[in-house]
Amino acid sequence: MSKFNLVMSNDKDDDGDVGVAVKTRAKTKRPPMYKVLLLNDDYTPMEFVVHILERFFGMTHAQAFEIMLTVHKKGVAVVGVFSHEVAETKVTQVMDFAQRHQHPLQCTMEKE
Ligand code: TYC
C-alpha cells in the first residue's frame, strides 16, 4: 500500500481532513487599567483632600492623610487603579465635589 493510500484510509468520513485536530484558545486580553492621579495645589485645604480620599477611594483616615501628604510634598500621587469606566467616574466625582466647594483641586487619569 502506498503512503498516499495509508493517509486516505484514515480519512474516515472522506471529507479531506486527515490532520490532527488541535484546539486553539481564543486570545483573551485583559482590559487596560487606568491610574487616577491627584495633583497638589496651594489652596485646597488638607482636610478637604483627606475627606475626598476617604469618601471616594475608601481609604481609612490614616491612609488618606498619608496619601494627601505625599501629594502635598511630591506634587502628585496615584490614588487608585481602575477600569476606564470606574476611573472616569472617580475623576468626575472628585472634580464635581471640589468645584461645588470652590477648591481648585485637580484629579486626572492616565493609562497604566
Ligand atoms: N497643598 C495644599 C495645602 O497646603 C494641600 C493639598 C494636598 C492640596 C493635596 C491638594 O491634592 C492636594 N493646603
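## Basis of the report

This is a predicted model, in which local features need pLDDT of at least 70 and side-chain atom pairs count only at pLDDT 80 or more, while totals for chains, interfaces and linings use all residues. Residues are numbered from 1 along each chain as its sequence is written, and side-chain values use heavy atoms, with hydrogens and water left out.

## Overall make-up

The protein chain has 4 helices and 3 strands, in the order α-β-α-α-β-α-β from the N terminus. Helices (H or I, at least four residues) and strands (E, at least two) are DSSP runs, numbered from the N terminus.

Of the 112 residues in the protein chain, 27% are buried. Buried means under 20% relative accessible area, exposed over 50%, and partly exposed in between (1.4 Å probe, protein chains only). Among contacts in the protein chain between residues at least 6 apart in sequence, 69% join residues at least 24 apart; a contact means heavy atoms within 4.5 Å.

## Packing of α2 with α3

Two packed helices are described by the angle between their axes and the distance between the axes. Helix α2 covers residues 46–57 and helix α3 residues 61–74; they pack at about 125°, with their axes 8 Å apart. The axes are lines fitted to C-alpha atoms, for helices over the stretch in contact, and angles run from 0 to 180 degrees between N-to-C directions. α2 and α3 are therefore oblique to each other. Angles under 35 degrees count as roughly parallel, over 145 as roughly antiparallel, 65 to 115 as roughly perpendicular and the rest as oblique. The crossing of α2 and α3 is right-handed. A crossing is left-handed if the near helix is turned anticlockwise from the far one by less than a right angle, and right-handed if clockwise.

On the α2 side, the contact is made by Met46, Glu47, Val49, Val50, Leu53 and Glu54, and on the α3 side by His61, Ala64, Phe65, Ile67, Met68 and His72. These residues divide into 8 nonpolar, 2 polar and 2 charged. Ala, Val, Leu, Ile, Met, Phe, Trp, Tyr, Cys and Pro count as nonpolar, Asp, Glu, Lys and Arg as charged, and the others, Gly among them, as polar.

Met46 lies in helix α2 and is partly exposed, with a relative accessible area of 34%. Not counting residues up to four places away in sequence, Met46 touches Met68 and His72. Met46 and Met68 are 22 residues apart along the chain, and their C-alpha atoms are separated by 7.0 Å.

Lys73 is in helix α3 and counts as exposed at 65% relative accessibility. Its C-alpha is 8.2 Å from that of Asn40, a residue 33 places away in sequence.

## Packing of α2 with α4

Helix α2 also packs with α4, at an angle of about 145° and with the axes 11 Å apart. This crossing, of α2 and α4, is right-handed. Phe48, His51, Ile52, Arg55, Phe56 and Phe57 of α2 make the contact with Lys90, Gln93, Val94, Phe97 and Ala98 of α4. The residues of this contact comprise 7 nonpolar, 2 polar and 2 charged.

## The loop between α4 and β3

Gln102 is in the loop between α4 (84–100) and β3 (106–111). Gln102 has a positive phi of about 55° although it is not a glycine, and at 72% relative accessibility it counts as exposed.

His101 is placed in the loop between α4 and β3 and counts as partly exposed, at 37% relative accessibility. His101 and Thr44 are 57 residues apart in sequence, with 9.6 Å between their C-alpha atoms.
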